Amino acid sequence: MRITQGCFSFLPDLTDTQIAAQINYCLDQNWAVALEFTDDPHPRNTYWNMWGLPMFDLRDPAGVMGELKACREANPETYIRINAFDSTKGWETVRMSFIVQRPTAEPGFRLVRQETRGRNLRYTMESYAVGRNPEGARYAP
């Protein structure tokens, strides 16, 4: 199963040259670039782990690519995404977000069914990544 979230999710994975070109576009728009990573890409999991601080004053894509390389080395089997934040008054939000690394095996999701009052059914999605490690091991230092 291939997780499709953010810009370019309908395309094959971007090469480092293509990633640098997108970062250059973001910097040309004066957007701050940040890196995030997780092992649980559930669509409602908006709080990924941040790699360092957002790069507000950066003007060269090579700086982001250097941080991306360090993040990849430290987190080889996780999802990594790049976010571009527009701090312009009236926007103040993420304007672009895309995945730049995936684990070799993407575990996907399962549908959990729960019966409620009156024989009604409620469905939720749960990531298989959540059950891979013992409780608390995913966040160990």
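C7 is partly exposed because its relative accessibility is 31%, where partly exposed means between the limits for buried (under 20% relative accessible area) and exposed (over 50%), using a 1.4 Å probe and protein chains only. The model is predicted, so local features need pLDDT of at least 70 and side-chain atom pairs count only at pLDDT 80 or more, while totals for chains, interfaces and linings use all residues. Residues are numbered from 1 along each chain as its sequence is written, and side-chain values use heavy atoms, with hydrogens and water left out.

**Surroundings of C7**

- C7 sits in the segment before α1.
- Leaving aside residues up to four places away in sequence, C7 touches M96, S97 and F98; a contact means heavy atoms within 4.5 Å.
- C7 and F98 are 91 residues apart along the chain, yet 5.1 Å separates their C-alpha atoms.

**Overall build**

- The protein has two helices and six strands, which are DSSP runs numbered from the N terminus (helices: H or I, at least four residues; strands: E, at least two).
- Read from the N terminus, the order of the elements is α-β-β-α-β-β-β-β.
- The C-alpha trace spans about 55 × 35 × 30 Å along its principal axes.
- Of the contacts with a separation of 6 or more, 55% are between residues 24 or more positions apart.

**Surface and charge**

- The protein has 141 residues, and 36% of them count as buried.

**Salt bridges**

- The structure holds five salt bridges, each being a side-chain nitrogen of Lys or Arg within 4 Å of a carboxyl oxygen of Asp or Glu.
- One of them joins R102 and D13, with 3.0 Å between the closest N and O atoms. R102 is in the loop between β4 (93–101) and β5 (109–115) and D13 is in the segment before α1 (16–28), so this pair ties together parts 89 residues apart in sequence. R102 is buried at 14% relative accessibility, whereas D13 is partly exposed at 47%.
- Another joins D16 and R72, at 2.9 Å from N to O. Because D16 belongs to helix α1 and R72 to helix α2 (residues 61–74), the pair ties together parts 56 residues apart in sequence. D16 is partly exposed at 39%, and R72 is partly exposed at 22%.
- E36 and R81 also form a salt bridge, their closest N and O atoms being 2.8 Å apart. E36 lies in strand β1 (residues 32–38) and R81 in strand β3 (residues 79–86), so parts 45 residues apart in sequence are tied together. E36 is buried at 9% relative accessible area, and R81 is buried at 12%.

**Database record**

- An unreviewed UniProt entry places the feature "domain: Ribulose bisphosphate carboxylase small subunit" at residues 4–103. UniProt positions are given in the numbering used here, feature names are shortened, and annotations may be inferred rather than shown by experiment.
- The end C-alpha atoms of residues 4–103 lie 13 Å apart, and this span is 27% helix and 31% strand.
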